Amino acid sequence: MPYGSRLAATMTRRLGRACVYTPSARLALYLALRRWCRPGARVLMSPVNDDVILFVVLAAGCRPVQAPVSVWDGNIDPAAVPEATWRGIDAVLTTNLYGIPDRVVQLRRRCDQLGIPLIEDAAHAIGTHVDGRPVGTFGTAAAFSLSKHVAATAGGFLAVEDTRIRRELELLRDDLLTPRRLREDLTVTLRPLARSSVRTLHLVRPVWRTMRRLGLLERDAFRMALHAPHLTASALSAPSLTAYEPWVRVDLHAFRVRHGTLVRGQLALRMAHLDDDLTRRRAGVALLAGTAWASPALRERAVPDGPLPLFRVPLLVQGRDALLERLVDHGMVCGYVYDPPLDDYAGAEFVEPSPDPSAARWFASHVLPADPLTARRMTGALTRERVATARPPLREAPTAAVT
């Protein structure tokens with residue numbers, strides 16, 4: 001029986017697409033890029049994205065091409081992508097940032113016209129639907145993450161449009177996995193319990209600040225250190241996951257470690273509660289969408305069966321960076337801030353910059369990713385802090401993500 005087949009079967013039933021289990025979404029994405037993109041392929045993507053994803057694209061031997069984005073949600077704005085750029089790319093990679101779906105119908109249409117694959121990064125978007133279809137069923141392939149939902153800290157899937165290639169992908173995955181280690185299995189199993197205990201005992205502030213003071217966090221800022229000379233040298237080995245592992249593994253060192261039955265059993269139990277988790281998240285999104293800080297793009301989606309951002313709710317605030325520090329005093333550590341945009345962070349040596357970076361810069365510097373499971377605490381904290389709503393200098397009419 002293939003590794004992780006029971007978990008994959010559960011996700012297959014949920015999506016209606018064949019799925020391959022992986023230890024992480026980043027490994028799933030690497031599989032997709034290696035399968036559908038030749039070395040040197042130019043991949044259109046949003047610059048408001050996790051830096052780990054940038055390094056996965058580089059590890060696959062591809063050239064990241066940064067797209068113009070919507071100022072309201074940070075996802076690719078297809079209408080703003082120059083025609084010359086469309087003609088020069090070999091694939092499109094979505095973000096579904098915080099669970100707000102990309103404009104997947106329009107992107108799929110353009111990819112079909114160009115004869116190139118659409119790869120969905122659905123790590124933030126389990127449970128989000130567009131036109132009645134789950135995010136992750138529009139592309140040639142889609143990477144999912146369990147570490148973003150149900151309080152898991154591991155596990156991913158690659159969902160594929162063509163069922164016939166599932167075995168091919170399983171073999172490629174198996175070649176990339178590193179051997180299981182009992183210590184890693186125990187760490188992955190116990191970490192969610194430890195995080196839950198910290199929150200329950202109201203220890204978020206002292207634990208977070210102690211870890212930062214002792215240098216136990218891998219990132220000193222929103223972005224990891226680039227180490228440009230080493231990154232340049234690694235390109236000589238691309239495509240190679242091993243050459244880029246110092247960057248790809250940040251925040252998740254076991255991203256390619258084969259999980260034992262202990263971890264897979266825990267993930268199966270947590271997946272059984274996924275729908276309950278999503279129901280709680282929808283309630284939190286509805287609350288946050290009614291606040292003054294909610295993006296217009298969020299408010300227009302906060303309708304029954306709307307395409308909601310169930311992972312994090314993007315609020316637009318003034319003085320975001322200083323606010324993040326003050327929120328720790330309220331017992332909330334807000335992660336998933338992707339600032340500066342990837343083209344400003346990495347530079348033209350490693351990415352092709354966006355032809356219009358202004359929207360990405362504004363959104364990345366003002367967005368506050370709020371956990372919908374802590375919606376009441378967040379709204380209370382923002383009210384007490386008298387946080388002002390951020391408005392872009394030039395108002396852009398929000399466009400629906402499904403066009």
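Visitor: Which residue of β9 is the bridge partner of Val20?
Guide: The bridge partner of Val20 in β9 is Leu158. This is a predicted model, in which local features need pLDDT of at least 70 and side-chain atom pairs count only at pLDDT 80 or more, while totals for chains, interfaces and linings use all residues. Residues are numbered from 1 along each chain as its sequence is written, and side-chain values use heavy atoms, with hydrogens and water left out.

Visitor: Why are β1 and β9 said to pair?
Guide: Strands (E, at least two residues) and helices (H or I, at least four) are DSSP runs, numbered from the N terminus. Two strands pair if DSSP finds at least two bridges between them. Strand β9 (residues 156–160) is joined to β1 by 5 bridges, so the two strands pair; they run antiparallel. Cys19 stands opposite Ala159 in β9.

Visitor: How many bridges join β9 to β8?
Guide: There are 5 bridges, and the sense is again antiparallel. Ala142 stands opposite Ala159 in β9.

Visitor: What makes β1 and β3 edge strands?
Guide: The sheet is open, with 7 strands in the order β1-β9-β8-β5-β4-β2-β3 and mixed pairing. Strands β1 (18–22) and β3 (63–66) each pair on one side only.

Visitor: Why is β9 described as largely enclosed?
Guide: A residue counts as buried under 20% relative accessible area, as exposed over 50% and as partly exposed in between (1.4 Å probe, protein chains only). In β9, 5 of the 5 residues are buried, so the rest of the structure largely encloses this strand. Gly156, Leu158 and Val160 point one way, and Phe157 and Ala159 the other.

Visitor: Why are α12 and α17 called roughly parallel?
Guide: Axes are lines fitted to C-alpha atoms, for helices over the stretch in contact, with angles from 0 to 180 degrees between N-to-C directions. Angles under 35 degrees count as roughly parallel, over 145 as roughly antiparallel, 65 to 115 as roughly perpendicular and the rest as oblique. The axes of α12 (residues 274–289) and α17 (residues 375–384) cross at roughly 20 degrees and come within 9 Å; the helices are therefore roughly parallel.

Visitor: Which residues of α12 and α17 meet?
Guide: Contact means heavy atoms within 4.5 Å. Gly284, Leu287 and Leu288 of α12 meet Ala375, Arg376, Met378 and Thr379 of α17. By class, this contact has 4 nonpolar, 2 polar and 1 charged residues, where Ala, Val, Leu, Ile, Met, Phe, Trp, Tyr, Cys and Pro count as nonpolar, Asp, Glu, Lys and Arg as charged, and the others, Gly among them, as polar.
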